[in-house]
Amino acid sequence: MVEFSFSARLAFGESRCYFFRMTGSPPTGAGTLNLLDLTPASARAVLVDWVAERELPSYRAGQMHRRLWQAPVESWEQATELPTALRTELGARFPLPRLIPDTVQQSSDGTRKYLWRLEDGEAIESVLIPSGSRRTLCISSQAGCALRCSFCATGRMGFRRNLTPFEIAGQIREVVLADPEEKPSNIVFMGMGEPLLNWPAVDAALSILNHPEGFGIGARHITVSTVGILPGMAEFAKRPEQFRLAISLHAPTSEQRLSMMPIEKKYDLASVLKAAEAFRKRITFEYVMIEGFNDSDADASQLAKLARRAGALVNILPLHPGGAPELTPTPLSRIGTFSERLRNQGVEAVVRRSRGLDINAACGQLRVEVEKKRRERKNVSGERNGVSGEGKAPGDVSTHTSSPALRLRSGQAPRGIV
Ligand code: SF4
């Protein structure tokens, strides 16, 4: 059984932040297969064969399959509709790995940010953003990112590795396991990483999210956001479902874009917009507003021209102050004028509220913050003991032992402890 012991708590204004320490982990190894890494169709095929080999009734395959994503369980032990011996056998052959909730921050505006610890010690972020009946989960597709956009904390940490389909779709699975009522209605690939640089895993994860035997989230409620990776865009455009494409535009000219998004050198604005024509559904331009950089009247007119030509909706995003301390967010009044100018030029523009301002909600910010604090704590403890605290794994949170223990059920995300 996996348990989490409460180990430390930090306060961020009205928000609260908790650290959890893993005290056990699911078995993985030779002779095992992670069904959660497969598409629903492939997982079903594996289970059908497995059941047939054991001469079990064929309906057992459906019962097992349902427990992967539709009615997920933390471990096979919880699938009580299956005989005990079968559950034991399933656990040995098809262990159900988990993402470990390392840190969770709850904002006063309802936004919740998760830092998940992966099996190899890497950490990734997801953000759950409730708004009326919608619950949008912003998920990560890579640990870190190689693209180094100047306004992004993830870009500054550099690339660590691609996520597997399980690690991508697992971000939704963990939220559902913690509380099925909180199942996300919308998914956006706008967390850590560039999804189209990890296309094979994102491709499989899209099937898990959308398939009726997966999470069954409608394709039109799933958005993949890209800076414009042309080979990935071509692959994504081949998918027959109505997934949404968002382009992280952020500047109306190639020159401006190049000054903050190095990828512009490889895939320029004109080529990206050309590639977007392959998408049948309406696309979105994401536009982070940075004072004195991309928020002039001339920028608005140039952006309007691009958006009209592409038939794009423009999402205007106030720069999250935590993402890039050296950049200044455009004042709200200026954002209002800018968006009005777009509308006056025939473009649909929506100003998104900055959410989670009292927590580390900017992409990559929480991981940077948590690891910085850990380094500081380890250095302090190393100095006290006369040794350096450097060189320990980032996932080692065992130094957070001063708070009273609070036990959680196996895999229970820290909901209710907010
Ligand atoms: S904005 Fe996206 S693509 Fe750019 S560095 Fe951050 S995670 Fe990477």
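**Figure 1. Overview of the protein chain in the predicted model.** The protein chain holds twelve helices and 15 strands, and of its 418 residues 45% are buried. When contacts between residues at least 6 apart in sequence are considered, 67% of them join residues that are at least 24 apart.

**Figure 2. Pairing of strands S10 and S11.** Strand S10, formed by residues 222-226, runs parallel to S11 and is joined to it by four bridges, with valine 224 standing opposite leucine 245 of S11. Strand S11 spans residues 244-248 and is mostly covered, since four of its five residues are buried.

Figure 3. Leaving aside neighbours within four places in sequence, arginine 244 is in contact with Arg220, Ile222, Thr223, Lys281 and Thr284. One of these, lysine 281, is 37 residues away along the chain, yet its C-alpha atom and that of arginine 244 are separated by 6.8 Å.

**Figure 4. Alanine 278 in the loop between helix H9 and strand S12.** The loop that holds alanine 278 lies between helix H9, residues 269-276, and strand S12, residues 284-289. Alanine 278 counts as exposed because it has 12 C-beta neighbours inside 10 Å, and a residue with 12 or fewer falls in that class. Lysine 238 is 40 residues apart from alanine 278 along the chain, and the C-alpha atoms of the two are separated by 8.8 Å.

**Figure 5. The largest nonpolar core.** This core contains 99 residues, and those with the most contacts inside it are Ala205, Leu209, Tyr287, Met289 and Val314. Helix H6, residues 199-210, supplies the largest share of the core, namely eight residues. Because domain 1 (35-93) and domain 2 (100-366) both give residues to the core, it lies between them. Valine 314, not counting residues up to four places away in sequence, touches Phe285, Tyr287, Leu303, Ala307, Leu342, Val347 and Ala349.

**Figure 6. The shell of residues around the ligand.** Twelve residues surround the ligand, and the closest are Cys145, Leu147, Cys149, Cys152 and Gly155. By residue type, the shell divides into seven nonpolar, three polar and two charged residues.

Definitions and conventions. Residues numbered from 1 in each chain as written. Predicted model: local features only at pLDDT ≥ 70, side-chain atom pairs only at ≥ 80, totals over all residues. Core = buried A, V, L, I, M, F, W, Y, C linked by C-beta atoms within 7 Å. Buried ≥ 20, exposed ≤ 12 C-beta atoms within 10 Å, placed from the backbone. Helix = DSSP H or I, 4+ residues; strand = E, 2+ residues; numbered from the N terminus. Domains from an automatic or database assignment. Contact = placed C-beta atoms within 7 Å. Near = placed C-beta within 6 Å. Nonpolar A, V, L, I, M, F, W, Y, C, P; charged D, E, K, R; others polar. Pairing = 2+ DSSP bridges.
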